[in-house]
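Okay, everyone, thanks for making time. Let me put the sequence and the model up, and then I'll walk you through them.

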Amino acid sequence: MRIAIASDHGGYALKQELLMRLKDVAHEWTDFGCDSEASVDYPDYAIAVAKRVASGEFERGILLCGTGLGMCITANKIPGIRAATVHDIFSAEATRAHNDCNILTMGGRVIEPALAEKIVRIWLETPYEGGRHARRLEKIEALEHEVQDAMQSGNSL
């Protein structure tokens with residue numbers, strides 16, 4: 001699996017910890033920055049990863065900022081992205097199994113590296129269940145198309 005990862009300054013230390021702790025995971029990782037704890041704008045990094053995941057260049061993405069929330073909000077603006085901020089094991093599994101979440105966001109200022117590592121491992125290993133969850137995702141995808149069509153035609157929803 002190809003995984004895109006990025007952080008802003010608030011998630012930089014956690015990103016470095018995760019990359020070091022997850023060396024044994026048999027996946028291809030590409031780091032899209034940032035490269036230090038110097039202040040940067042999180043949307044730049046969220047957009048870079050989300051566009052690549054949405055295009056299929058990467059199967060999944062991981063975004064880290066101070067809380068995970070700003071990255072999540074930004075990533076979810078890209079059609080085809082289902083990003084979730086996760087800080088517990090149950091949600092990591094559920095968001096993959098039920099929502100086919102393709103971007104995981106976490107906050108470097110609110111989660112310890114050991115728990116973040118467990119969350120990433122579970123999130124990467126949990127398959128999407130499909131079944132009854134598929135019709136819900138189809139409704140989300142239909143809404144994305146409706147919004148895109150309305151914007152292109154200049155109509156309101």
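This is a predicted model: local features need pLDDT of at least 70, side-chain atom pairs count only at pLDDT 80 or more; totals for chains, interfaces and linings use all residues.

So, to get going: in which helix does histidine 133 lie? Histidine 133 is in helix H6, residues 132-153. Residues are numbered from 1 along each chain as its sequence is written, and side-chain values use heavy atoms, with hydrogens and water left out. Helices (H or I, at least four residues) and strands (E, at least two) are DSSP runs, numbered from the N terminus.

Back to histidine 133. With 2% relative accessibility, histidine 133 counts as buried; buried means under 20% relative accessible area, with a 1.4 Å probe and protein chains only. Leaving out residues up to four places away in sequence, histidine 133 touches Ala97, His98 and Tyr128, where a contact means heavy atoms within 4.5 Å.

Now the overall layout. The protein chain has six helices and five strands, and from the N terminus on the order is β-α-β-α-β-α-β-α-β-α-α. Its radius of gyration is 15 Å, close to the 15 Å the globule rule gives for 157 residues, so the chain is as compact as a globular protein of that length. That radius is taken over C-alpha atoms, and the rule is 2.2 Å times the number of residues to the power 0.38. Along the principal axes, the C-alpha atoms fill a box of roughly 45 × 35 × 25 Å. Of the 157 residues, 42% are buried. And for contacts with a separation of 6 or more, 70% come from residues 24 or more positions apart.

Next, strand E3, residues 60-65. Six of its six residues are buried, so E3 is largely enclosed by the rest of the structure. Arg60, Ile62 and Leu64 point one way, while Gly61, Leu63 and Cys65 point the other.

What about the neighbours of E3? E1 and E3 run parallel, joined by five bridges, and alanine 4 stands opposite glycine 61. E3 and E5 run parallel too, again with five bridges, and there leucine 64 has methionine 106 as its bridge partner. Two strands count as paired if DSSP finds at least two bridges between them.

On to the packing. The largest nonpolar core has 20 residues, and Leu18, Ile62, Leu104, Met106 and Val120 touch the most other members. A nonpolar core here is a set of buried Ala, Val, Leu, Ile, Met, Phe, Trp, Tyr and Cys residues joined through side-chain atoms within 4.5 Å. E1, H1, E3, E5 and H5 each supply at least two residues, with the largest share, five, coming from H5. Valine 120 touches Leu18, Leu22, Trp29, Ile62, Leu104 and Met106, residues up to four places away not counted. There's also a second, separate core of 19 residues, including Tyr12, Ala50, Ala75 and Ile78.

Last stop, glycine 11, in the loop between E1 and H1. Is glycine 11 buried or exposed? Buried, with a relative accessible area of 0%. Among its contacts are Leu64 and Gly108. Glycine 11 and glycine 107 sit 96 residues apart in sequence but 6.3 Å apart in space, C-alpha to C-alpha.

Conventions
Buried means under 20% relative accessible area, exposed over 50%, partly exposed in between (1.4 Å probe, protein chains only).
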